[in-house]
Amino acid sequence: MHFTLHIWRQENSKAKGHFETYHIDNISSDCSFLEMLDQLNEQLVNDKIAHPVCFDNDCREGICGMCGLYINGRPHGNDDGVTTCQLHMRKFNDGDEIWVEPWRAKAFPVVKDLVVDRSAFDKIIQAGGYISVTTGGVPDANTIPIPKYVADQAMDAAECIGCGACVAACKNASAMLFVGAKVSHLGLLPQGQVEHLDRVRNMIVKMDELGFGGCTNTYACEAECPKQIKRQNIARLNREWIGQMFGRDRKN
Amino acid sequence: MILDSHIPEGPLAEKWTRYKTSQKLVNPANKRKLNIIVVGTGLAGASAAASLGALGFNVDIFCLQDSPRRAHSIAAQGGINAAKNYQNDGDSVERLFKDTIKGGDYRAREANVYRLAEVSGDIIDQCVAQGVPFARDYGGLLDNRSFGGAQVSRTFYARGQTGQQLLLGAYGALSREINRGSVKLHSRHEMMELVVEGGVAKGIIARDLVTGELERYAAHAVVVASGGYGNVYYLSTNAMNSNVSAAWACHRKGAFFANPCYVQIHPTCIPVHGDYQSKLTLMSESLRNDGRIWVPKKKEDAEAIRKGEKGPLDIAEEDRDYYLERRYPAFGNLVPRDVASRAAKERCDAGYGVGATGLAVYLDFASAIERLGKDVIEQRYGNLFQMYQKITDQNPYEVPMMIYPAVHYTMGGLWVDYELQTTIPGLFAAGEANFSDHGANRLGASALMQGLADGYFVLPYTLQNYLADKIYEGAVSTESEAFEKAEKAVRERIARLLAIKGNHSVDYYHKALGRIMWEDCGMARSKESLEKASKAIAELKDEFYKEVNIPGKAEEMNTELEKACRLADYFELAQLIVADATQREESCGGHFRVEHQTEDGETQRDDEHFMFVGAWEYHGADTPEELHKEPLEYEHIQIVKRNYK
């Protein structure tokens, strides 16, 4: 297969970016999108015309959440339930023109080319996306039975890989699906109850502070999430946010 | 030099308790005056940093990804072992200990392994308290599955994403400490050099991967938890950025590197399909709970499948060879990984392999789907089946999966004593980066157990024992000559690589190195193949230093430069792996020397001559390394032939 690629090039966070066009031939349909970019980079290094394209990637099996490209206007490209590293070239037609951009969101500034800075997600988690237990001194694991359907729902939400596709897909660059997933995961479990309301408040306040937009319920995030995290998590987040306003508040 | 493993006195079952009650402590007011560096944010690194931070130490933690949550522990699929005996099937600390020692082919240290089994239950308690959503049964209690090398069900799991959930638990604990200010996170930073002053570890030189600047960090102790070195084979199940360089920097500075030849080849991975391929994807060992492995009984059937004339469904039940069930009736499809991998290779080499290349065997779920229904299988392995389908474009609910062995885990690593301290005082190694617990072969679901055991329950004690004397030393300065020299060495190394400006990319050399290692130092090794490999690596290394082309500068984000620095270390490591494999004239676990096998093709150990840990000392880039031996003494366990039949 052969393709025409229009790739966003930007030297660093301060420089002005632009699209650059490249042609690539002899691509196998079994090859992944990132392996196609590897071959482009190999070509660029060998031809000594341009520097290789920087893009984030690591596990290449769809679980680390490091890769994330905006391909032909869709986060992670035109397949459902996959990350960019699991997108295969068989999903494209021979001769296609492909536009490749980094995530576009104020809270995710571009670092270089297709690499963005997603440390805002870490900061939201640091604000309260955990259960505060210190190592040791915890009860036996089977002390508190948890109904299977509750554990399963918590697991559904916990599958989020923090790639940022939800933010990239959202016209407001909202992080509600990401935050909702973490709040659901921990809030559904009995162990997460103690800090539940504080967690909801602290994470949402941090999310707003970092420049993520508000949610207007278009659910582009759900449609593009590679782990198919459900929009019900956003509903739960909204409900809990209202709940915490009327609920116990140890600070007052 | 005599390697002292510092194993505490007393009966095996009391050693760890005795250690903990007699070790030195640091009082809370002094803890905040002590700095610790942790390199790596996987299960071992994140759990260590979180636990040490919670104790009150000042911790700096480093990862090369954009977030600590990306570390490759996240990709572990099947589960984590613990001797809880929740299933009432006869499990105990003693049994987990014995299974692990036997699984490692009697090449691991008794005391370390016993401690691992002892704390395994605490890990599950800790993770549940953190909100890890382990699988549960309908009564709401924790569920278990079986893994290779065990006859009990002791593996806890969270669908096919156990590693992810455990890592997110540790990442949560780490995030809490970052929020409290006890841990400082340095993401997109790579450790380039260890700083040693007066024979003691004092800090590291790290490269900011965004700006390319070199930075100095000082500490009273350094913990390396940077994972394994499987990527020396280029194609492996490791993440693209997994590398040996942090551990190798320690090795260059005097930390011994133990048992490098013990590499685990995982039997169930998606087969190689093209030379553009960048990595191999694992299909969890848990699949062997319900999947049956087979190849055609008749060579003509295998040939027809390879040509595409027949499919697996055309082969009648009686014409299928379920070779693991045939050869190992007691453990069947759940034999340990090294055994299953070799058996697959044996069938394929004999001409029974399937797939276009003939380098694949079937993993078949038809009988499990018939017995349990598609829903149950989907619940258990849904994400793995989806992953398989996305990669291969085939539906594993309808046709059997095709799998083949691939490099997965490295049992070897930095030599550590009972306290997880390397041969450099003040330098500790945890998780896959050390060599300590798995002998010559790791059992499935034990890597997660070891990473978390080291981080949550071992290092918080042993580091304190080391740091108790450091309270008199005051802050460590980064202005010393040792830091100066270490930084200069990194600068020179980078400049040398950038100056070459040859004609081939870094990946070109990495792929070539991987091919040498896989062909001649992979699943089967011989004296001849190792000699051949040694020569080929040396030639390739020379060519690399003359012909590699790295575009760009040092003072910017430069992924080619990152890869080149790592590959330079892989060349040295590859030579050491080959030297270690040559030296070890026996077959054990993942190390299979064709000269040493039984009549039916099983490994043949030589306990009389090789019951030792091979720890290597570095003497310079082009000088052969020196072998030191730590004898393995088994007081508690009876050594027998490893038999899964």
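What percentage of the 252 residues in chain A do buried residues make up? The figure is 53%, where a residue is buried if 20 or more other C-beta atoms lie within 10 Å of its own, exposed if 12 or fewer, and partly exposed in between, with C-beta atoms placed from the backbone.

Some housekeeping before we go on. This is a predicted model, in which local features need pLDDT of at least 70 and side-chain atom pairs count only at pLDDT 80 or more, while totals for chains, interfaces and linings use all residues. Residues are numbered from 1 along each chain as its sequence is written, and chains are lettered from A and ligands numbered from 1 in the order in which they are written.

**Stop 1: chain A**

Along its principal axes, the C-alpha trace of chain A spans about 65 × 40 × 35 Å. Of the contacts in chain A with a separation of 6 or more, 69% are between residues 24 or more positions apart; two residues are in contact if their C-beta atoms, placed from the backbone, lie within 7 Å.

Now colour 3-111 and 118-246 separately: these are domain 1 and domain 2 of chain A, with bounds that come from an automatic or database domain assignment. Their C-alpha centres lie 29 Å apart. Where they meet, 18 residues of domain 1 of chain A are in contact with 17 residues of domain 2 of chain A. The domain 1 side of that contact has nine nonpolar, six polar and three charged residues. For these classes, Ala, Val, Leu, Ile, Met, Phe, Trp, Tyr, Cys and Pro count as nonpolar, Asp, Glu, Lys and Arg as charged, and the others, Gly among them, as polar.

**Stop 2: a sheet in chain A**

Look next for the open sheet of five strands in chain A, ordered β2-β1-β5-β3-β4 with mixed pairing; two strands pair if DSSP finds at least two bridges between them. At its edges sit β2 (18-24) and β4 (74-75) of chain A, each pairing on one side only. Pick out β1 (residues 3-9) and β5 (residues 97-101) of chain A: they run parallel and are joined by four bridges.

**Stop 3: where the chains meet**

Bring chain B back. Here 64 residues of chain B are in contact with 65 residues of chain A. Several helices of chain B each supply at least two residues to its side, including α3 (43-55) and α5 (110-130). Which one gives the largest share of the side of chain B that touches chain A? That is α6(B), with nine residues. By class, the chain B side divides into 24 nonpolar, 27 polar and 13 charged residues.

While you're there, click on B:A170, which lies in helix α6 (residues 162-180) of chain B. B:A170 counts as buried because it has 33 C-beta neighbours inside 10 Å. Beyond its neighbours within four places in sequence, B:A170 is in contact with B:L43, B:A46, B:S47 and B:A50.

**Stop 4: the domains and a strand pair of chain B**

Colour 267-407 as domain 1 and 481-605 as domain 2 of chain B. The contact between them takes six residues from domain 1 of chain B and five residues from domain 2 of chain B. Five residues of the domain 1 side come from helix α10 (residues 337-352) of chain B, the largest share.

Then select strand β11 (residues 263-269) of chain B, where seven of its seven residues are buried. β11(B) pairs with strand β15 (residues 401-410) of chain B in the antiparallel sense over five bridges, and B:H266 stands opposite B:A406 in β15(B).

**Last stop: the core**

Finish with the largest nonpolar core, which has 290 residues; such a core is a set of buried Ala, Val, Leu, Ile, Met, Phe, Trp, Tyr and Cys residues joined through C-beta atoms within 7 Å. A:V167, B:I36 and B:V223 are among the members that touch the most others. Helix α17 (residues 559-583) of chain B gives this core its largest share, 13 residues. Since 22 of the 25 residues of α17(B) are buried, α17(B) is largely enclosed by the rest of the structure.
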